[in-house]
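Me: I'd like to learn how to read a protein model, one feature at a time. Could you walk me through this one?

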Amino acid sequence: MHVASIEKLPLSTTGSPLLIRCKTFLSVTFVIPKDSECHDVYTSLLKLFQPVSINKLYCFNYQPNKDDFPKNAGWDYFKLEAEFKHMLVPNEAWTLCSMNEKYELCDTYPRQIYVPKEATTLMLISSSRFRSKGRLPVLTYLHNNKASICRCSQPLSGFSARCLEDEQMLEAIRKTNSNTDYMYVVDTRPRINAMANRAAGKGYENEAFYENIKFHFLGIENIHVQRASLQKVLEACEQKSPTMSAFINALESSGWLKHIRSILDTSSFIANAVDKGVSVVVHCSDGWDRTAQVCSLAQLMLNPYYRTIKGFQALIEKDWLAFGHKFSERCGHIQTDAREVSPIFTQFLDCTWQLMSQRSEAFEFNERFLLILHDHVHSCQFGTFVGNCEKDRLDLKLAERTFSLWGYMANHLNEYINPLYKPNVDEAIKANLAPQCIKFWRGMYSRFESGIHPREPLGDVLLDSKEHCNSLEDHVQHLTKRIASFKNYISKSAKKLQDATSAPGKVNKELSSNEINDNKYNYDKKLSELSAADDDHPLKASNMSFASLSLSAEQSSPPQALPEEINSVAVDWKPMRNVTTCSCSTPFDQFSKKTHCWRCGDIFCERCIDKNVALPGHDSGKPVPVCRGCFRQMQKQSP
């Protein structure tokens, strides 16, 4: 499913080259000695790499190991009603509309849509008919200052058409926010594109008809321009040993970074308006590409909840999956019109990465999290991103027939943690749009180029150091308690020995005091006295030993367990730097997560560290990662 294109290159002296480009930005050239065999492989791959039917996708056959996670895991993690309750909706201004329960109002919207309480049935139906694809203005985000973000598609206005109910609908949205007497309507398209659409009977809102709105064009190019731009980026990355000027010129001619900045600029405009208490209605052409990008990015800037792992997943569920971004068409899951394929979601992840690069402490997740999302949007291994809208996914019964990506990711959360994250960082963050701050995302587009990445991501090294420190601190805490317990134990034992062997009136008080304080001297002296005593000595008869005395109430485990407790925690962890392969022969690249076993300190891949157990040498008793070998040893040792 990751194959994007197959190209048969001109015959060379060594054979017939076959170039395969992947949606993960991996490019591989196979040189096949015989041209006829190369042609056979080429035609076979062309027929097989894209299924004709959506039911032939990988997700319908994928079966993970039975112990990994159940089939229903992840499908019930997010509910649209719960996400709106998080925003305190419904409330006195907004209400749940039941008219789309059977997708009759708009079949690419979710069943639950939230509209102003003032909106009448006639307003909703008429507005839906006046908007492209029936995508009427509905709520997607309500800020804590009552300012909202609503989304829709372009009006079918042509050069002069108008719809009174649609005008009333926008006025009802404006009235939900008592902060201001106006609101913004943002058209994400370049003005010239919107004007060209008027000739086709579509277009944009006429400010003469819509009261109290301020209209803005913000100039994000369409899906065809974005697709061509990404193709030029890939050509720049595929250059063999490029010079500085060749790479920079190729990247500049692609226009990719300009597009990324344009999306961030529009998102920043929306976020700033909402932060100042002004509501915004957003649309592009059909309201499922550029609208999804800027609405979700604006929320990412405004609300720290969406900058957590769970919140970011919820944002994707709400603004991309529920509101009908056409994943199967835009990602080319099946054989379809090639002009419908476009890197819209890739750009959203790129913009998120730009924000992360500028404000790393504001995000709970790391770069690996975004790469995993990107790869599995295209892989079709999970049913989460299959289909073009919520209705498609229900018709395909994906929750019953396939596994969820969220269920898989829940088992690997430790791989996605950003060690620099500060939960109490600013409520809203702002993007720095200076040209010098918009970067080429090497980790995505040049991911498979050797020699241009650090050996280990900085985040992984920091997280590893943090985990090592946590392990040692936990171990020190445990040993401190054990030492305190033994001190108490030795002191009491010395007192008992002294009381039992000293005759009244013959012991100097000062000496007695010294004996009790000098535990080692006291212990050695009394043991020698016992060994020379008569066989009927009461303490000697009791088979007196250091280990057999009862421990204090503070100490729960016997002294014999001490070596096991000390040996159960690795004090030294193997350095990550020179480890190139796991013991299972899996090679580590710059994006593979290297994980330490907390018991032996060796390094393994994520597949070989799939057990979490509590170590006897840790005070907290929390389960920690251990390798399979250590897990088996601990199972043998446990009673």
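Predicted model: local features only at pLDDT ≥ 70, side-chain atom pairs only at ≥ 80, totals over all residues.

What follows is a short chat about salt bridges, helix packing, cysteines and a few loops.

Me: How many salt bridges does the structure hold?

Reply: A salt bridge is a side-chain nitrogen of Lys or Arg within 4 Å of a carboxyl oxygen of Asp or Glu. By that rule there are 25 salt bridges here. One of them pairs Asp 319 with Arg 151, at 3.1 Å from N to O. Asp 319 belongs to helix 10 (residues 309–322) and Arg 151 to strand 7 (residues 148–151), so this pair ties together parts that are 168 residues apart in sequence. As for the labels, helices (H or I, at least four residues) and strands (E, at least two) are DSSP runs, numbered from the N terminus.

Me: Are Asp 319 and Arg 151 buried or exposed?

Reply: Buried means under 20% relative accessible area, exposed over 50%, and partly exposed in between (1.4 Å probe, protein chains only). Asp 319 and Arg 151 are both buried.

Me: Which residue does Arg 174 meet in a salt bridge?

Reply: That's Glu 171, with 2.7 Å from N to O.

Me: What about Lys 326 and Glu 329?

Reply: Their closest N and O atoms are 3.0 Å apart, and they form a salt bridge. Lys 326 is buried, at 13% relative accessibility, while Glu 329 is partly exposed at 21%. Salt bridges that share partners join Asp 289, Lys 326, Glu 329, Arg 330 and Glu 340 into one network.

Me: Now helices. At what angle do helix 12 and helix 13 pack?

Reply: Two packed helices are described by the angle between their axes and the distance between the axes. The axes are lines fitted to C-alpha atoms, for helices over the stretch in contact, and angles run from 0 to 180 degrees between N-to-C directions. Helix 12 (residues 344–358) and helix 13 (residues 367–379) pack at about 180°, with axes 10 Å apart. Angles under 35 degrees count as roughly parallel, over 145 as roughly antiparallel, 65 to 115 as roughly perpendicular and the rest as oblique. Helix 12 and helix 13 are therefore roughly antiparallel.

Me: Which residues of helix 12 and helix 13 meet?

Reply: Contact means heavy atoms within 4.5 Å. Among the residues that meet are Leu 349 and Trp 353 in helix 12, and Leu 370 and Val 377 in helix 13. By class, this contact has seven nonpolar, four polar and one charged residues. Here Ala, Val, Leu, Ile, Met, Phe, Trp, Tyr, Cys and Pro count as nonpolar, Asp, Glu, Lys and Arg as charged, and the others, Gly among them, as polar.

Me: And how do helix 6 and helix 7 pack?

Reply: Helix 6 (residues 223–237) and helix 7 (residues 244–254) pack at about 175°, their axes 8 Å apart. That makes helix 6 roughly antiparallel to helix 7. The contact includes Val 233 and Ala 236 of helix 6 along with Phe 247 and Leu 251 of helix 7. In the loop between helix 6 and helix 7 you'll find Ser 241, which has a positive phi of about 45° although it is not a glycine. Ser 241 is exposed, at 75% relative accessibility.

Me: How many disulfides are counted?

Reply: A disulfide is a pair of cysteine sulfur atoms within 2.5 Å, and the count here is zero. For Cys 150, the nearest cysteine sulfur is that of Cys 152, 8.3 Å away. Cys 150 is buried, at 0% relative accessibility. For Cys 605, the nearest cysteine sulfur belongs to Cys 582, 3.7 Å away.

Me: Where is the cis peptide bond with Pro 90?

Reply: It joins Val 89 and Pro 90, with omega about 5°. Pro 90 lies in the loop between helix 2 and strand 4.

Notes: Residues numbered from 1 in each chain as written. Heavy atoms only, no water.
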